[in-house]
Amino acid sequence: MLFSKFERLVAKRYLRAKRKEGFISVITGFAFTGIALGVATLIIVMSVMNGFRHELLSRILGINGHIGIMSPLGYPFNNYKEAVKDLAEIEHVQIVIPMIENQLLVSAGKAAEGAMVRGLRAEDLMKKPILANSMKNVDLKDFSGDNVIMGVRLATKMGIVPGDKITLISPNGKVTAFGSVPRMKSYQVIGTFDVGMYEYDSNFIFMPLEAAQTYFGLKGAVTHIDVTLDDESVLRSVRKVIEESVGAGAYVYDWKQSNAAFFNAIDVERNVMFLILTLIILVAAFNIITGLIMLVKDKGRDIAVLRTMGASKGMIMRIFFMDGAFIGVVGTSIGLILGLWFCHNIENIRQFLQNIAGRDLFSAEIYFLSKLPARVDNLEVLTVALISLLLSFLATLYPAYRAAKFDPVEALRYE
């Protein structure tokens, strides 16, 4: 066996400090607590960052496709039906949606807000599962003519309920002898949608494609073509094929380009948080070093007696190594349990703390999402555990080596 029964018994005895050794026990407790909190905090923060990224990505791709196509000069696609048919035949292309998209002013009564109006067909609306499942009290059979669907936060902000009418105002109106006249038209709101992302719920309005073509004066044309893939890993290769097929007459972009700055910021923040929170575990490891060095100093006479009774330097070293390793293993285990439990109940905990504090702790206006997400990555959890154990084991080496080098003659002489 790696450790003898005698070594295990002595190591266990040293971990249970006497009353006069209470200070050493306190330091050991700090080491336990520090490692457990460091591991738990690191798992929680990394899981929340992973959840935040995953939820944002799923909602972005739930509204938009992986690849977008538009005219570089802003001209509409008049032959979009043929283009949609050709794009659908490309390998790994799952959904192709023609649409019209433009920024407008929405007014209702005394309220007025800017909004992104997207015109698309009812059948295309149902092709996006996240979007289709977010519809509230909406019968898509009514999604035709002058009927529209609004984001739930936009409707709430403007005081609009299903059945109310809104007026869309476009600055690009008709040119008359007296100048440009804004284009205005009233539409009825038949329902709302709630995808759980503030950016969309507070800004988007969906309109039937034919109604959008009429409103924007694009009869038989669209401004964008949205392409969704069945596998994100083939994004680069499929985009290259699409670029070659459409030629220079269209601008092809993907979701990474559209959201590059945002997701790069998340990745940088995630990596920095990992490094910073790892320092918590490192500080706890120094507590192990401090506690063991003080334990070695306090147990000098015991070590000398053990040496004179025949205990080797290796046995003494293994005894104190076991003490430090026990602190690291137990602290890491407690941290893993605490971190995983917290991640699986994070939204309930947020609601509980929010009720106590009496204020919103996760504002959708700031964090984009309406719920606090957490996505546990098993590989990351394993990495955190291994880092914690490695730092804990390394922290025991010097105190254990110092105990093994302890001179029994000197210890007994001064006793």
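G62 is buried, with a relative accessible area of 6%; buried means under 20%, exposed over 50%, and partly exposed in between, using a 1.4 Å probe and protein chains only. This is a predicted model, in which local features need pLDDT of at least 70, side-chain atom pairs count only at pLDDT 80 or more, and totals for chains, interfaces and linings use all residues. Residues are numbered from 1 along each chain as its sequence is written, and side-chain values use heavy atoms, with hydrogens and water left out.

G62 belongs to helix 2 (residues 22–63). Helices (H or I, at least four residues) and strands (E, at least two) are DSSP runs, numbered from the N terminus. Leaving aside residues up to four places away in sequence, G62 touches K128, I130 and L131, where contact means heavy atoms within 4.5 Å. The C-alpha atoms of G62 and I130 are 5.3 Å apart, although 68 residues separate the two in sequence.

H92 sits in the loop between helix 3 (80–88) and strand 2 (93–108). Its phi is near 75 degrees, a positive value in a residue other than glycine. Most residues other than glycine have a negative phi.

L390 lies in helix 16.

| Residue | Relative accessible area | Class |
|---|---|---|
| G62 | 6% | buried |
| H92 | 28% | partly exposed |
| L390 | 49% | partly exposed |
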